[in-house]
Amino acid sequence: MTESNARISKAVVPAAGLGTRFLPATKATPKEMLPVVDKPAIQYVVEEAVAAGLSDVLMVTGRNKRPLEDHFDRNYELEQALSRKGDEARLARVQESSDLATMHYVRQGDPRGLGHAVLCAAPHVGNEPFAVLLGDDLIDPRDPLLARMVDVQEREGGSVIALMEVAPEQIHLYGSAAVETTGEDDVVRVTGLVEKPDPADAPSDYAVIGRYVLDPSIFGILRQTEPGRGGEIQLTDALQKLTEDEKVGGPVHGVVFKGRRYDTGDRGDYLRAIVRLACEREDLGPDFRAWLRSYVTEEM
């Protein structure tokens, strides 16, 4: 367990995946840079971390991910061009990404799974609790899931994972958690975890979604974790070890999320996320909703 009770300040964002479900768009463009309306998906994730008070962000990248670093860096030529034109609105939007957080980068040279990607963050994180945010899950800023998880971790210690109840036939797509109730409606005690189980073998319909607040003891466990499902080092398997022995890294709790989540890891859900977010935008929503109603009426 960590010896420090300092406020959590570091977030880790694994971003080394190949994005094969979005080929050929991701042949030369990182999947994290695919736009969700007019902003790359990865920026929504970093904004969420910052909104929860995590101003130090480590991105775990791989080959062909240089555009991620460029996006969060300054682009002086573009900024000067916009400034000369007097386009202050677009200038502010360009500068927004470079001013969001203190960004760091490390490469995951060998793509050996989420657990291995998290382990790559160990030298940067040190002996502090930290958050992990997966880029395929976008959480609506009106539903502050990560901030709630940080609060629970700081109060209870150990690790906290995000859970969402899904249909039984969908649980094989996620990690599944065995849970016990607590005195709070949205907080459960996690007693076991299984990565992508068959529906008949799932301990519950509570699926692990892409937000974690982890005790640094997870690093020692990951170093000893053998490849699991898919031949990869699974973070779920390491968390299972924590549920088996609280003395190692404290308890594991889950925050049950019932808010708005946008899954951009699937092509259909990616399109639905764009439509939903565009409809809710003050600058785009009214005209877009009118067109969408007309289009659906004509097609039906």
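These notes cover a predicted model, point by point.

1. **Strand β6.** Strand β6 spans residues 130-133 and is covered on both faces. F130 and V132 lie on one side, A131 and L133 on the other, and all are buried.

2. **Neighbours of β6.** Strand β1 (residues 10-14) runs parallel to β6, and two bridges join them. Here V12 stands opposite V132. Strand β11 (residues 206-214) runs antiparallel to β6, joined by four bridges. A131 has V213 of β11 as its bridge partner.

3. **Largest pocket.** Its volume is about 1500 Å³. The lining counts 47 residues, and R21, K31, L134, D136 and K196 are the closest to the centre. Elements giving two or more residues to this lining are α5 (114-119), β11, α9 (235-244), β13 (261-263) and α11 (267-280). The largest share, four residues, comes from β11.

4. The model has 22 salt bridges. One of them pairs K65 with E32, with the closest N and O atoms 2.8 Å apart. K65 sits in the loop between β4 (56-61) and α2 (66-71), and E32 in the loop between β1 and β2 (35-36), so the contact ties together parts 33 residues apart in sequence. K65 is buried at 4% relative accessible area. E32 is buried too, at 6%.

5. E184 and R148 meet through their side chains at 2.9 Å, N to O. E184 is in the loop between β9 (175-181) and β10 (187-195), while R148 is in helix α7 (residues 145-156), so this pair links parts 36 residues apart in sequence. Both ends are partly exposed: E184 at 28% relative accessibility, R148 at 23%. R155 and E156 form another salt bridge, at 3.0 Å, N to O. R155 is partly exposed at 44%, and E156 is partly exposed at 36%. Shared partners join R148, R155, E156, E184 and D186 into one network.

6. **Surface patch.** W291, Y295 and V296 make up a nonpolar patch on the surface, with about 310 Å² of accessible area together. Y295 belongs to helix α12 (residues 285-299). At 39% relative accessibility, Y295 is partly exposed.

7. **D283.** This residue is in the loop between α11 and α12. Is D283 buried or exposed? It counts as exposed, because its relative accessibility is 52% and the cut-off is over 50%. D283 and S98 are 185 residues apart in sequence and 23 Å apart in space, C-alpha to C-alpha.

Key
Residues are numbered from 1 along each chain as its sequence is written. This is a predicted model: local features need pLDDT of at least 70, side-chain atom pairs count only at pLDDT 80 or more; totals for chains, interfaces and linings use all residues. Side-chain values use heavy atoms; hydrogens and water are left out. Patches are made of residues with over 30% relative accessible area and no salt bridge: like charges are joined within 9 Å, nonpolar side chains (Val, Leu, Ile, Met, Phe, Trp, Tyr) within 5 Å. Accessible areas come from the Shrake-Rupley method with a 1.4 Å probe; for residues, only the protein chains shown count as cover. A salt bridge is a side-chain nitrogen of Lys or Arg within 4 Å of a carboxyl oxygen of Asp or Glu. Buried means under 20% relative accessible area, exposed over 50%, partly exposed in between (1.4 Å probe, protein chains only). Two strands pair if DSSP finds at least two bridges between them. On a 1 Å grid over the protein atoms alone, a cavity is a set of points where a 1.4 Å probe fits but cannot get out, and a pocket is an open set with protein on both sides within 12 Å along at least five of seven lines; lining residues have an atom within 4 Å of a point. Grid points are joined across faces, edges and corners, and a volume is the space filled by probe spheres set on the points.
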